[in-house]
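Please keep the sequence and the model at hand.

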Amino acid sequence: MSRGERASGEHINENVTATDLSEAVPQTDVRPSAAGRKIPRRVWEFIIRVTATVVAVWISLTFLFGIYICHSDTCYPMVKDGDLCVTWLPAPPEQGDLIVYSHDGETRFGRVAAVSGDRVDIRDGVVWVNGFAALSETLPDAYGIVREAAFPMTVPDGSVFVLSDNLSDINDSRTLGAIPLADCHGSVVFMMRRRGF
């Protein structure tokens with residue numbers, strides 16, 4: 001074999017050897033394992049949006065709004081049994097506001113007739129607040145069981161005097177007394193009729 005042929009053969013052998021070596025070396029898996037994979041940015045954005053929405057709803061329903069369903073006729077016909085009402089919490093109720101309040105664990109609806117410091121009197125079926133008639137109508141005969149001797153009264157600080165729109169329902173401040181603001185759940189700002197749904 002000539003020197004040139006031997007050199008050529010060596011070159012061929014070198015190529016073969018390099019190819020064989022490349023095939024013999026095991027190929028490592030360059031894909032990251034499941035534990036090492038990063039969460040896609042879109043998934044993070046979705047999680048953040050859902051979390052922000054949940055927090056915003058919780059804050060709104062805790063500090064700004066309340067949702068209640070009426071289960072009585074205390075404010076009929078303004079609020080009927082089954083109506084859904086949304087209340088506004090931050091502002092204290094004012095005279096004339098329709099509010100939701102609690103008494104002995106029962107949620108009730110009523111209208112503010114007087115606020116703290118007002119003087120309330122009931123004489124001959126007429127409700128007087130600071131010397132003015134609070135209602136354009138006299139109380140029904142059902143009020144006869146309530147002792148007018150409890151009046152006049154001054155509404156204590158941090159309380160409101162509440163009357164049912166349905167005046168025949170005397171389970172309001174006429175018999176319950178002034179309602180503490182701590183038991184008030186805000187003034188009704190939105191109402192939806194649910195009857196028939």
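E106, R108 and D169 are joined in a network of salt bridges, a salt bridge being a side-chain nitrogen of Lys or Arg within 4 Å of a carboxyl oxygen of Asp or Glu. This is a predicted model, in which local features need pLDDT of at least 70 and side-chain atom pairs count only at pLDDT 80 or more, while totals for chains, interfaces and linings use all residues. Residues are numbered from 1 along each chain as its sequence is written, and side-chain values use heavy atoms, with hydrogens and water left out.

The protein chain has three helices and eleven strands, taken as DSSP runs numbered from the N terminus (helices: H or I, at least four residues; strands: E, at least two). Their order from the N terminus is α-α-β-β-β-β-β-β-β-β-β-α-β-β. Of its 197 residues, 28% count as buried, that is, under 20% relative accessible area, with exposed meaning over 50% and partly exposed in between (1.4 Å probe, protein chains only).

A search of the whole structure finds seven salt bridges. One of them pairs R193 with D83, the closest N and O atoms being 2.1 Å apart. R193 belongs to the segment after β11 (184–192) and D83 to the loop between β1 (65–69) and β2 (84–88), so this pair links distant parts of the chain, 110 residues apart. R193 counts as partly exposed because its relative accessibility is 35%, whereas D83, at 0%, counts as buried.

R111 and D165 form another salt bridge (2.8 Å, N to O). R111 lies in strand β4 and D165 in the loop between β9 (159–163) and α3 (173–176), so the pair ties together parts that are 54 residues apart in sequence. R111 is partly exposed at 26% relative accessibility, and D165 is partly exposed with a relative accessible area of 26%. R174 and D172 also meet in a salt bridge (2.8 Å, N to O); R174 is buried, and so is D172.

The largest pocket has a volume of about 200 Å³. Its lining comprises 13 residues, of which R111, A134, L135, L163 and D165 are the closest to its centre. Strand β4 (residues 106–115) gives the most to this lining, with three residues. A pocket here is an open set of points on a 1 Å grid over the protein atoms alone, where a 1.4 Å probe fits, with protein on both sides within 12 Å along at least five of seven lines; lining residues have an atom within 4 Å of a point. The volume is the space filled by probe spheres set on the points, which are joined across faces, edges and corners.
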